[in-house]
Each structure stands twice: as structure tokens, then as C-alpha cells.
Amino acid sequence: MTAHQTKPTVMILGSWHFSNPGMDRFNTKTDDVLAPKRQSEIKQAVERLKEFKPSKIAVEVDPSRCDAENQNYQGYLNGTYELGPYEGDQIGYRLAKEFGHSRVYCVDHWAEHATIHIDDELIDYDTFAKTHHQEHLLPSPPPGKIIQDKDGQIWIEPEKYETVVDKYIRINQPESRRVDHQGYLRKARIGLEGKYPGANWVAHFWYARNLKIFMNLTRVIESADDRILLIIGAGHVFLVQQFLEDSGDYIVESPLKYLDVGAEVKPLT
């Protein structure tokens, strides 16, 4: 018999949104994850991730919507709900069922539930950058063909086909997460003299949201034996992982340990 852990373990799977709603500045085009080829790839990812042996699955859903989320999960267990094109369904529900979990946990903190006590003109970094010649501090699009739809939304067509496992390995590399985080810090520099629209947005929205996600995550942990898998948009990984590690209260494992079999996993520093 092995001794109990002294700290609970958390693994964060940084994901892209399988059914991209087009809510980001740059949105990557995704193909149909319900197609047979993608379904086979998703099942391969699940097979690798189950070696983590999670005691709980946490998903990027606001707690206010968790009853509905778990109604869907119960429907999946009962055979009355068909998995949708959402990473929480495709990976989270499958893993939770594999380990006999009675529910999934919701740990997001979405903007509509957040109150930002600051004037709009002091947080509109985009307009400020465009009117004060600071466009170079705005986020750059990821690699790929840039397409703008009729609503003005910018989409990126991937340069090549990647399997689900390969894409997860790429976006969960420490350097990928660091580069993404650096984009937010660059955005924070938008402003002049006594005006800080970039820093206001990063502090009052982005940092606050991720800190609250961290708090929601810690609230589902009940014992040192817990092994929590958090499935969340890749952009959140750097900060949530930093909060977990800096707290000193948790063991943080990399999903690369399970996805990238045989590779040396370097810590996120």
C-alpha cells in the first residue's frame, strides 16, 4: 500500500474550442470533430489521458450553468444525450464516465458574471492603440491564412492538418503557453502618460478572471488524494498554473507526460 500524498494533484489540459464560437480576436477554423476520423483521434487522446487517473474532471463552464452541464452529463451516462462538438463533452464526459464519476465540476468565471468598476474609455485598449499609433502592441494573428467574414470577424485557416493528440502536444508546450502570455503583457503596455487602458483590461478582466478560475478550482478539491483534470482554453493555462504552483498547496502535472509518450517534459518557468 502506498502512502497518501501530502498535496492534491492538478493537471491542466490546455485546449482549443472544438466548436469555435468566434468570440476571440483571432479565431482558428476547426473541422468537424464529430467526423469519424476526428472521433478516432479524440478516443486516442482520451486513452492516453486516462493514465492520469483523475478523481474529478473540471470544465470551462461558469458555476451558474453547472446544473444544466450535469444534466447533460447524466444524460450521457443514461444514453439519452449525444456528445456535442465541445471539448468538455468529447474528452471530459468520456473520461468522467471511464472512472465512474457522478458529475463534472464547473470552474470558469465568465465576463457576464464579472463586474468591472471602471469607465469603458479607460479599458478600451483596442481603440486607444489605433488612435495613438500603438497598433504594434495589439495581438498578432497566429500562423495560417487570414480570412475575414461578412461580420468582420477574423478567422485563421490552419497551415496543415494535425491529429488531435499532436495538436494537444503542440499547444501544451511550455514555450507555447509562455508566448501566449507574453501577448497579454504586451497588450498591457497600451497607454500613454496617466492612461492605462491595456493594463486596466489585463488586470480587471484577464487576471481577475483567471484568479477566480483558480479559486473555483480549489473549491472542488476535498483531499490530498484528489487528482483533478482541468480542461480549459489554452490561453488560461499560464496564469492558472502559476497560481497553483505559487500557492505551494498543489502538485501540478503536465498533460505532455501522458500525451507525448517518451518525451522529456520540461517545467513551465
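Modeller: S1 and S8 run parallel, joined by three bridges. Val 10 stands opposite Val 252 in S8. This is a predicted model, so every value here is computed from predicted atoms. On S7, S1 has another parallel partner: residues 9–15 of S1 pair with residues 227–233 of S7 over seven bridges. Met 11 has Leu 229 as its bridge partner in S7. Gly 14 is bridged to Ile 232 in S7.

Now the whole sheet. It is open and has five strands, in the order S4-S3-S7-S1-S8, with parallel pairing. S4 (105–106) and S8 (251–253) are the edge strands; each has a single partner, so one side of each lacks a neighbour in the sheet.

Next, the cover over S1. Seven of its seven residues are buried. On one face these are Thr 9, Met 11, Leu 13 and Ser 15. On the other they are Val 10, Ile 12 and Gly 14. Helix H8 (residues 237–247) lies across S1, S7 and S8. Its direction is at about 170° to S1.

Arg 209 is buried, because its relative accessible area of 6% falls under the 20% cut-off. Its side chain reaches the backbone oxygen of His 109 at 3.1 Å. Arg 209 also touches Glu 60, Asp 108, Trp 110 and His 236, leaving aside residues up to four places away in sequence.

Then the rings. The model has eleven aromatic pairs. In one of them, Tyr 76 and Tyr 93 have ring centres 6.1 Å apart and planes at 35°, so the pair is tilted. Tyr 76 sits in helix H2 (residues 66–78) and Tyr 93 in helix H3 (residues 87–98), so the pair ties together parts 17 residues apart in sequence. Both tyrosines are buried: Tyr 76 has a relative accessible area of 15%, and Tyr 93 has 0%. Tyr 93 also forms a tilted pair with Tyr 81, at 6.2 Å centre to centre and 55° between the planes. Tyr 81 belongs to the loop between H2 and H3, twelve residues from Tyr 93. Tyr 81 is partly exposed, at 25% relative accessibility.

Lys 97 lies over the face of Tyr 76, 5.0 Å from the ring centre. Lys 187 lies over the face of Trp 201, at 4.3 Å from the ring centre.

Methods. Residues are numbered from 1 along each chain as its sequence is written. This is a predicted model: local features need pLDDT of at least 70, side-chain atom pairs count only at pLDDT 80 or more; totals for chains, interfaces and linings use all residues. Side-chain values use heavy atoms; hydrogens and water are left out. Two strands pair if DSSP finds at least two bridges between them. Helices (H or I, at least four residues) and strands (E, at least two) are DSSP runs, numbered from the N terminus. Contact means heavy atoms within 4.5 Å. Axes are lines fitted to C-alpha atoms, for helices over the stretch in contact, and angles run from 0 to 180 degrees between N-to-C directions. Buried means under 20% relative accessible area, exposed over 50%, partly exposed in between (1.4 Å probe, protein chains only). A polar contact is a pair of N or O atoms within 3.5 Å; within protein, one must be able to donate a hydrogen and the other to accept it, and residues adjacent in sequence count only if both atoms are side-chain atoms. Rings of Phe, Tyr and Trp (its six-membered ring) pair if their centres lie within 6.5 Å; planes under 30 degrees apart count as stacked, over 60 as edge-to-face and the rest as tilted. A charge sits over a ring if NZ of Lys or CZ of Arg is within 6 Å of the ring centre and within 35 degrees of the ring normal.
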